[in-house]
Amino acid sequence: MSEKVPQGDSQASFAKRIDPKKGPLTPEQIAFIRRVELEQWKKNAQKLRGRNIFTGLVIGGLVLGIYGYTFYSVSQEKFLDELEEEAKVARMRSPKTSAN
């Protein structure tokens, strides 16, 4: 059997923490950091894409709803028609002059 090394004494390079603020990094360390950051970004991008699509659909639905309601309510307004009828009756009753 192989000898077991206590976990606290492990000097494995893959478990070594890298602090980019302390000193210059080797090109391998920089490449590793970029690769890990890219993987994390890809993982989070899927979640964000779903949320963005949902938000866009909700906002689009609200806009279309307001737009449709506005057209519906404007088509229901009849007060201008009533005013036009009253003006027509008033013109018919008024005496005809050469200025009219």
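User: Which residues does UniProt list for "transmembrane region"?

Analyst: The unreviewed UniProt entry lists residues 52–72 under that name. The model shown here is a predicted one. Over residues 52–72 the chain is 100% helix and 0% strand.

User: What percentage of the residues count as buried?

Analyst: Of the 100 residues of the protein, 1% count as buried. A residue is called buried when its relative accessible area is under 20%. The accessible surface of the protein is about 10,300 Å², and 60% of that surface belongs to carbon and sulfur atoms.

User: Which residues form a nonpolar patch on the surface?

Analyst: The patch is made of Phe 54, Val 58 and Leu 62. Together these residues have about 320 Å² of accessible area. Take Leu 62 as an example: it lies in helix 1. Its relative accessible area is 56%, so Leu 62 counts as exposed, the cut-off being over 50%.

User: How is a pair of aromatic rings described?

Analyst: Two values are used: the distance of the centres and the angle of the planes. This structure holds 1 aromatic pair. Its members are Tyr 67 and Phe 71, with 4.9 Å from centre to centre and 65 degrees between the planes. The pair is edge-to-face, because planes over 60 degrees apart are put in that class.

User: Where do Tyr 67 and Phe 71 sit in helix 1 relative to each other?

Analyst: They are 4 residues apart in helix 1, so about one helical turn separates them. Tyr 67 counts as exposed at 52% relative accessibility, and Phe 71 counts as exposed at 54%.

User: How exposed is Glu 84, and what does Arg 91 count as?

Analyst: Glu 84 is partly exposed, with a relative accessible area of 47%. Arg 91 also counts as partly exposed, at 47% relative accessibility.

Methods. Residues numbered from 1 in each chain as written. Predicted model: local features only at pLDDT ≥ 70, side-chain atom pairs only at ≥ 80, totals over all residues. Heavy atoms only, no water. Buried < 20%, exposed > 50% of the residue type's maximum accessible area, 1.4 Å probe, protein only. Areas by Shrake-Rupley, 256 points an atom, 1.4 Å probe, with all protein chains shown as cover. UniProt positions renumbered as here; feature names shortened; annotations may be inferred. Helix = DSSP H or I, 4+ residues; strand = E, 2+ residues; numbered from the N terminus. Phe/Tyr/Trp six-rings, centres within 6.5 Å; stacked < 30°, edge-to-face > 60°. Patch = residues over 30% accessible without salt bridge, like charges linked within 9 Å, V, L, I, M, F, W, Y side chains within 5 Å. Salt bridge = Lys/Arg side-chain N within 4 Å of Asp/Glu carboxyl O.
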